[in-house]
Amino acid sequence: MYINFRQDKLHEECGVFGIFNNDNMANASSSDRNDSSSNRNDRHDVARLTYYALYALQHRGQESAGIAVTDTGTILYHKDMGLVPEVFNEVVINHLKGNAAVGHVRYSTTGASYRENAQPIVVKYKNGQMAIAHNGNLVNAAKLREKLEEQGAIFQTTNDSEVIASLLSKYRITDTCIEDTVVSMMKDVKGSYALIILTPRKLIGIRDPLGIRPLCIGMVGNSYVLASESCALDAVGAKFIRDVNPGEIVVIDKEGLKSIQTDVSEPSRLCIFEFVYFARPDSFVDGASVHQARIEAGKRLAAEHPVEADLVIGAPDSGLTAAMGYSMESGIPYGQGLLKNRYVGRTFIQPDQTQRELGVRIKFNAMKSVVSGKRLVMVDDSIVRGTTTRRIVQMLKDAGAKEVHMRVSSPPMKYPCYFGVDIPSRKQLVASARNVDEIKNMIGADSLGYLSLEGLTTTPLGAKCGFCTACFNAEYPMEVPEEANKLSFERKS
Ligand code: SF4
């Protein structure tokens, strides 16, 4: 039996990356192109760059990883369960030679955690081959799949991204170009998607009309890259160019980058949790610094919920930046009150009932010399089930803390997400049926304060977008399935 150390945190969706190498394409003469062996050796190692980028995006998904490459012809790929360094080695990377690549790290939201569901999805269809990497979740995937199956389509996985692949294959038969095919697919699907499609000659980036999931464009040399977050651009030495706009299709080929803007009728709704927890602090998303947004959230939290205390600490790692902001605003010193064991992996052998506390203690420990005798403010980004928070509060008190005042840099999370974030069902969310006082008693804190929704939405300073906040206020940006049907697509398989 294994315990999942991350079960009391939200799970990230997925991370995507793509590169189209124009450096060597531009330099290659036609005779070079005929000499495939020398030409291959000269080219940017697109698989290696994708591997580095996926490393930088690892926080967005730890269950599986994959890379597909094309050398203006056949698509080669490798994908498997595990972290990026577990899935790829030198031999595999050396085998994946090409001039363009797409990569994916996955945490499953729709579709169980099996190898067959790992991405990129590579499909062969009448007009050739394509590889697809998807971050997000389609709310109408089950209906679309049923309809496609009635028309004779066959599905290999339980992954909603395969529905996208099937639609693309279907429309590509009659459309004269892949761009038209993508537009047709976008008219059918509803939900969140940051997509990268690799065809033998093109790399295509697509963002859903509400821009729920992030996607940005960068350049390394003369080559364009696409990535979920700007931290992946930094990892490959690429310069940030801009974010892909909601509803935009960017098509990259040897001629350069072409943009197709589809009709967008509503204001954008980027997932606010990118700033709260998902995105890496060194990333910029839709014009705002993730680090700065977390500092701001801590500052506003201090203004909204002040308390007399001796020390501000953060829950590692998710609450550290907001804790710094709380300290700056309140003037209460910031310290390291909890230590995280950085060598603990994703799972650990489950302790028995009497040793339940050990699971948390192996991951975290209180710094007695720091917290003993102190009135603490402990900051975290969110409380999901509340079980880990309760154990950490108890751990701090056992270590001699006089008081523990819990502060949360987002509002109470009460509703499920249908757009690619694995939020437990309502009955597992501690805030869905309890008020703040009841949660305070449940976690054993001396006081509890959550950042207001108004406060949170103003923290991404300079952001050029609106936000989805549905897991806090149930204001979903589109019609969503009944919660009871949330997993019906998966159960069906
Ligand atoms: Fe993000 Fe919550 Fe909206 Fe899901 S419901 S996209 S987690 S803000």
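Colleague: Over residues 1-6, under what value does pLDDT stay?
Modeller: This is a predicted model, where local features need pLDDT of at least 70 and side-chain atom pairs count only at pLDDT 80 or more, while totals for chains, interfaces and linings use all residues. Residues are numbered from 1 along each chain as its sequence is written, and side-chain values use heavy atoms, with hydrogens and water left out. pLDDT is the predictor's confidence in each residue, from 0 to 100. Residues 1-6 have 30 contacts (heavy atoms within 4.5 Å) beyond four places in sequence, yet their pLDDT stays under 50.

Colleague: And what does the protein chain average?
Modeller: In the chain, 86% of the residues score at least 70. The average pLDDT is 88.

Colleague: Is Leu198 buried or exposed?
Modeller: Beyond four places in sequence, Leu198 touches residues including Ala68, Val102 and Met130. Its relative accessible area is 0%, and buried means under 20%, exposed over 50%, partly exposed in between, with a 1.4 Å probe and protein chains only. So Leu198 is buried.

Colleague: Which residue in E11 is the bridge partner of Ile19?
Modeller: Strands pair if DSSP finds at least two bridges between them. Strand E2 (residues 14-20) and strand E11 (residues 223-227) pair in the antiparallel sense over 4 bridges. In E11, the partner of Ile19 is Val225.

Notes. Helices (H or I, at least four residues) and strands (E, at least two) are DSSP runs, numbered from the N terminus.
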